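Dear colleague,

I am passing on the structure we spoke about, with a short account of what was found in it. Please have it open while you read.

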Amino acid sequence: MASVSELYDVGWEEMRDKLRKWREDNCRNSEQIVDVGEELISDHGSKLGDDVWIIYEQVMIAALDCSRDDLAMTCLQELRKQFPDSHRVKRLSGMRLEALERYDEATKYYEAILQDDPTNTAARKRKISILKAQGKPAEAIRELNEYLEQFVGDQEAWHELSELYINEHDYGKAAFCLEELMMSNPHNHLYCEQYAEVKYTQGGLDNLELSRKYFAQALRLNNRNMRALFGLYMSASHIAASPKVGAKVKKDNIKYAAWAANQINRAYKLAGRGTKENKCSVKAVEEMLESMQITMS
Amino acid sequence: MPIILTTQAYCKMLLHAAKYPHCAVNGLLVAEKTKDNKKDPSAPILCVDCVPLFHGTLALAPMLEVALTLIDTWCKENRYFIAGYYQANERTKDFRPNQVAEKVAARIAENFGETAIVMVDSNRLTMSCFEPIVVIFDHHENKWKSRDVNQDCFEDWCEAQKITSSLLEGRSYEQLIDFDNHLDDLRNDWTNPVINKSVLDLC
């Protein structure tokens with residue numbers, strides 16, 4: 001099988017930079033990381049300098065995702081040799097046990113870390129992940145709430161909690177978590193859009209209006225966010241079609257929906273330019289928007 | 001009239017699950033409309049294709065509504081109708097339909113009474129596909145009951161096994177497009193013509 005460098009005609013520097021990008025973006029493309037990382041380490045390990053340790057960590061975690069225990073152990077052993085008493089490496093050992101579904105042993109590992117260092121957030125979060133993996137969402141939620149009381153600025157944790165609540169269909173609490181995220185990241189269009197989706201799902205006229213406002217806000221922050229555009233269209237359409245709204249609100253929302261429909265059609269035409277296959281999508285969208293207009297009036 | 005699956009439908013479901021092993025995934029199953037006078041009431045409904053919908057968070061309404069409406073429109077143009085819903089849960093050990101599955105299936109059932117839920121048992125997903133890994137749930141007396149596992153639910157299991165295995169080994173799932181991918185970039189085609197061609201080429 002051809003090597004990554006042969007297949008894609010890249011040098012080791014590009015491979016290293018790609019791994020860095022994936023680290024920074026927190027991508028979970030584990031198969032690719034394993035492919036690139038394994039080759040980089042074995043063929044060019046000596047050129048990586050101090051970067052090699054963080055790459056070992058990244059590749060080890062990706063290897064666990066791909067059931068490559070051999071590769072995971074290799075990386076882990078190098079890290080253990082280099083950093084013998086490190087809690088960060090101990091956490092990786094724990095993750096390996098999790099991957100092997102030896103959850104009780106893994107939990108003991110993390111508790112040992114926490115005995116030594118009660119502020120170790122990584123170990124606490126792993127314990128919560130174990131609860132999630134074992135299908136104990138209520139306990140995971142409880143522990144995560146306790147964690148957030150102490151570490152109120154941990155965005156990753158707030159986001160995880162919002163997802164846990166969404167999966168339990170507790171949309172009110174999920175909305176609360178997303179509100180925390182929006183407050184600390186007012187320019188993040190994704191949080192706005194997700195908040196709008198949660199409000200829409202909660203239902204009821206007030207929530208629909210709120211959802212429309214936040215879809216609009218997400219669009220202001222990023223006018224290419226298709227989910228926000230579709231969301232604006234759907235929420236405005238539903239409000240306009242509701243028997244409970246007055247004539248002015250109905251008229252305004254029909255206007256918003258019409259604007260959104262226009263933008264959606266434009267976006268599809270732009271995307272469909274030149275490709276035969278996409279013509280069907282364009283047509284389907286046009287028809288969908290037309291059919292919804294009928295129900296609105 | 002229980003539903004049965006073609007190779008293309010089964011294949012794309014598994015590719016979807018394989019592309020996002022760490023997420024829950026879901027999608028719709030579509031069948032061809034037959035002329036009423038030709039329809040044999042006891043003949044099973046053949047799901048010829050599936051449309052992968054989302055990965056990750058499945059329990060939010062707005063994009064699901066958009067997808068259902070859009071796909072419904074597409075179905076009408078192609079003389080298809082939505083006949084079922086598939087889902088693979090986030091936890092591999094869990095293959096029972098949850099509230100999301102039941103809600104979507106109920107929505108589909110408004111137009112097609114014999115809607116089935118097809119749950120993918122990711123725990124048994126292997127490259128060789130030596131056994132079918134779907135559990136089909138039908139709606140009886142207000143409950144979703146799983147079908148007898150020995151009941152054959154494939155148009156041609158041998159073909160399905162051979163082709164699915166081949167595509168998994170070739171990592172074709174990297175090219176699978178779901179509705180989420182489409183929303184990220186409208187040029188991504190959720191009808192998956194590339195994968196459909198690969199399936200056809202292997203037949």
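A salt bridge is taken here as a side-chain nitrogen of Lys or Arg within 4 Å of a carboxyl oxygen of Asp or Glu. By that rule, and bearing in mind that this is a predicted model, A:Glu101 forms a salt bridge with B:Lys93, with 2.7 Å between the closest N and O atoms. In total, the rule finds 6 salt bridges across the interface of chain A and chain B, and 11 residue pairs are found there in polar contact, both residues being at pLDDT 80 or more.

On the chain A side, helices H3, H8, H10, H12, H14, H15 and H16 of chain A each supply at least two of the residues that touch chain B, and the largest share, 8 residues, comes from H16(A). This side of chain A divides into 16 nonpolar, 9 polar and 11 charged residues. Overall, 36 residues of chain A are in contact with 31 residues of chain B, and the two chains bury about 3100 Å² between them, of which 59% is on carbon and sulfur atoms.

Turning to chain B, its 7 strands form an open sheet of mixed pairing in the order E1-E3-E2-E4-E5-E6-E7, with E1 (3–5) and E7 (143–146) of chain B as the edge strands, and the twist from one strand to the next averages 40°. Within this sheet, E2 (25–32) and E4 (80–88) of chain B pair in the antiparallel sense over 8 bridges, and B:Leu28 stands opposite B:Tyr85 in E4(B). Helix H3 (99–109) of chain B packs on the sheet, touching E2, E4, E5 and E7 of chain B, and its direction makes about 175° with that of E4(B).

Best regards

Conventions: Residues numbered from 1 in each chain as written. Chains lettered and ligands numbered in written order. Predicted model: local features only at pLDDT ≥ 70, side-chain atom pairs only at ≥ 80, totals over all residues. Heavy atoms only, no water. Contact = heavy atoms within 4.5 Å. Buried area = accessible area lost by both parts, 1.4 Å probe. Polar contact = N/O pair within 3.5 Å; in protein donor to acceptor, adjacent residues only side chain to side chain. Helix = DSSP H or I, 4+ residues; strand = E, 2+ residues; numbered from the N terminus. Nonpolar A, V, L, I, M, F, W, Y, C, P; charged D, E, K, R; others polar. Pairing = 2+ DSSP bridges. Axes fitted to C-alpha atoms, helices over the stretch in contact; angles between N-to-C directions.
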